[in-house]
Amino acid sequence: ELQVGVQQQVPGNLRGLAKKLKTNHALALQLWATGNADAMILATMLMSPEQLSAKEIERMVKPLTYYKLIDELSHVIAKTPWADDLSKRWMDSPKEFVGRAGWNLLTARIVHNNTDGLDLDSILKKIEAETLSAPKRKQESMNCCLVEIGKPPNTKIQASCTYPLSQGLIVSTDTPGVIKSRKIVMELLLARCPEVKAIQELAKE
């Protein structure tokens, strides 16, 4: 996709225009076909999710190499009946941006508390095992998924400095889930800043 125009402000600059145009699936497909990234992002804001087939969605996603476009399209795909099946297949894709889309869809499901049937422990293990070796844009989406899993009602793993106190609150700091989350975060910090002594010292602990 051709990335020209207002990418630094996308998608914010386009949302106002999308509100004026409203849902228009035919126009969305025409904009998508231009191959211009800005026009394609606008297209995602005009699409009607129920009019997209699974095959059509796959054709849209596979050639993409612009993370903002992947993210905007993921919002649309998450509203289709195909979201879960596509997420399961795409999460393991060796293609960076297809993999990002897969994790985006899983994250969207967790954000909307639609976790019935999800094995969150297995997902955490998968994130722990694969994040550091994942390409950058896929890794970012996996990290977002980790953050959402750590929010109630999925778990009670929270940053203590920002969590409000309440009567009857029980705090545990050494459960397997907490230790696992700490380990993942520390591995990510070490991968990003291996020469920082403060991080090295924390990792030793």
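This is a predicted model: local features need pLDDT of at least 70, side-chain atom pairs count only at pLDDT 80 or more; totals for chains, interfaces and linings use all residues.
**Group meeting: a buried arginine and its surroundings**

Residues are numbered from 1 along each chain as its sequence is written, and side-chain values use heavy atoms, with hydrogens and water left out.

What does R109 touch? Not counting residues up to four places away in sequence, R109 is in contact with D84, N114, T115, D116, G117 and L118; contact means heavy atoms within 4.5 Å. R109 is found in helix 7.

Now the chain as a whole. There are 11 helices and 0 strands; both are DSSP runs, helices being H or I with at least four residues and strands E with at least two, numbered from the N terminus. Of its 205 residues, 41% count as buried. Among contacts with a separation of 6 or more, 62% join residues 24 or more positions apart.

Next, the interior. In soluble globular proteins, nonpolar side chains tend to be buried together. A nonpolar core here is a set of buried Ala, Val, Leu, Ile, Met, Phe, Trp, Tyr and Cys residues joined through side-chain atoms within 4.5 Å. The largest one has 31 residues, and W32, M47, V61, L73, I77 and W90 have the most contacts inside it. Helix 3 (37-46) is among the helices that each supply at least two residues of this core, and its share, 8 residues, is the largest. Leaving aside neighbours within four places in sequence, L73 is in contact with W32, T44, M47, M60, V61 and L64. A second, separate core has 15 residues, including I123, C145, I184 and L188.

Last, the second largest pocket. A pocket is an open set of points on a 1 Å grid over the protein atoms alone, where a 1.4 Å probe fits, with protein on both sides within 12 Å along at least five of seven lines; lining residues have an atom within 4 Å of a point. The volume of this pocket is about 450 Å³, counted as the space filled by probe spheres set on the points, which are joined across faces, edges and corners. Of the 20 lining residues, H75, A78, N104, T107 and A108 are the closest to its centre. Helix 7 supplies the largest share of the lining, 8 residues.

Key: Buried means under 20% relative accessible area, exposed over 50%, partly exposed in between (1.4 Å probe, protein chains only).
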